[in-house]
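Thanks for coming. I have one structure for today, so please look at the sequence and the model while I talk.

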Amino acid sequence: MCGLEARRVKRLKIEFLRRLIGGILLVSLISIGFSRPVQEYIALPEKVTLFEGQNFEIENSVAAYAGVTGNADEKVKIQQAENAMKLEGSRFGKDEVVLELAGFPVKKVDVNVLKDFKVIPGGQSIGVKLHTVGVLVVGHHQVEGVERTVSPGESAGIKVGDIITSINGKKIDKMADVAPFVQQAGEDGSALDVVVKRDSGNFNTKLKPEKDKQDSGFKLGLYIRDSAAGIGTMTFFHPETKKYGALGHVISDMDTKKPVVVENGQIVRSTVTSIEKGADGNPGEKLARFSSDREVIGNIKRNSPFGIFGALNRNIENGVYDKPMPIALSHQVKEGPAKILTVVSEDEVKLFDIEIVSTIPQKFPATKGMVIKVTDPRLLEKTGGIVQGMSGSPIIQNGKLVGAVTHVFVNDPTSGYGVHIEWMLNEAGIDIYGKLENKAS
């Protein structure tokens, strides 16, 4: 035991001396003009996550002086280039490597290698049909009664953006469900027992219809809506589960500006008929129609800040990339050239050049993770840049799906925001870290 303890103490002393010399070397490099590269080297992440076969590159001039030590069981292979180090995931598992300077350890990096994961990118123009939970209140109007002019709904405390989910104990699914209750209550002279859903929670209120002296009908003094429709772009689908993501941003009601609370919905194919070109201060728009066959190609189960999500009825093709493609995590996305898949005429998906101007390696789900700029002369000539209806167009960089187009800058239609694909996959209920969830289903 004493021999073992002595050897352990000796190893600790050697390790301490190595680190001390490594620290002296770092100080020396700083003193001869390597201050910023050394700081970047020290600030390298302590944890790195990557997929099998993918590389994490450390582009740093100090890396030329550096070495790496790690396990020799090939869970993680380390390759050193002249001015870059690469941590390459070759097998599913975890490992750690030690970054060295002139043979002395200065930084330990935990490497988590994920099992290979791929999805099929989209780019197709899709028609979106949403059905809300209950009926959405989008406005008030005054009812001119025999003795007074009033909005009964407003008097009952119902606000724009509220959702009527139940009347007299019966669930309300669509606008047609409301009229019979209103007519019966009007004839009886009674008030309706209404359940209203609001951001702060559900509440009950009494709502007595008012008789309109113009047409003798009974009115609530509310404008209501039970569905929404529009167009967007498919971002990806998972070939094994058929789960998909599209749009890259939430669908909000055009009147209330609030997110549409989805009961259910469908996506169908759509055809782009023309383009309203964008200009400074006036974002353009894709004009499209639902395809003539109106074939439903999937459902909609979730409308979130990251887009719409559900499951396809079958695989769909874009004619450009129809085989599964690896993805990039947010920290793997780089500034520089990239491409998007989108439709600008009829239903033909094409590839266009863009530039990723900036990207944030987000640790938690967040929108607007990238700033992008359209550089392709063909797309600039056709659309002026990013236009409405292009939201969801997949962004591809170095053979990987990295995100989706989400917003255009009003004062510069050539530029806009993108969301990292990592967070859209999370919202779709696909856990790229090893298991499938049921979030969107």
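Predicted model: local features only at pLDDT ≥ 70, side-chain atom pairs only at ≥ 80, totals over all residues.

Phenylalanine 409 has a partner. It forms an aromatic pair with tyrosine 417. A pair of aromatic rings is described by the distance of the centres and the angle of the planes. Here the centres are 5.0 Å apart, and the planes are at 80°. The pair counts as edge-to-face, because the angle is over 60 degrees. Tyrosine 417 is partly exposed as well, at 26% relative accessibility. A search of the whole structure turns up one aromatic pair.

Now the chain as a whole. The protein chain has 441 residues, and 47% of them count as buried. It contains 33 strands and five helices. Of the contacts between residues at least 6 apart in sequence, 67% join residues at least 24 apart.

You will find isoleucine 275 in strand 20, which runs over residues 262-276. Its relative accessible area is 19%, so isoleucine 275 is buried, the cut-off being under 20%. Leaving out residues up to four places away in sequence, isoleucine 275 touches Glu285, Lys286, Val344, Lys382 and Thr383. Glycine 384 is 109 residues away along the chain, yet the C-alpha atoms of glycine 384 and isoleucine 275 are separated by 9.7 Å.

Definitions and conventions
Residues numbered from 1 in each chain as written. Heavy atoms only, no water. Helix = DSSP H or I, 4+ residues; strand = E, 2+ residues; numbered from the N terminus. Buried < 20%, exposed > 50% of the residue type's maximum accessible area, 1.4 Å probe, protein only. Contact = heavy atoms within 4.5 Å. Phe/Tyr/Trp six-rings, centres within 6.5 Å; stacked < 30°, edge-to-face > 60°.
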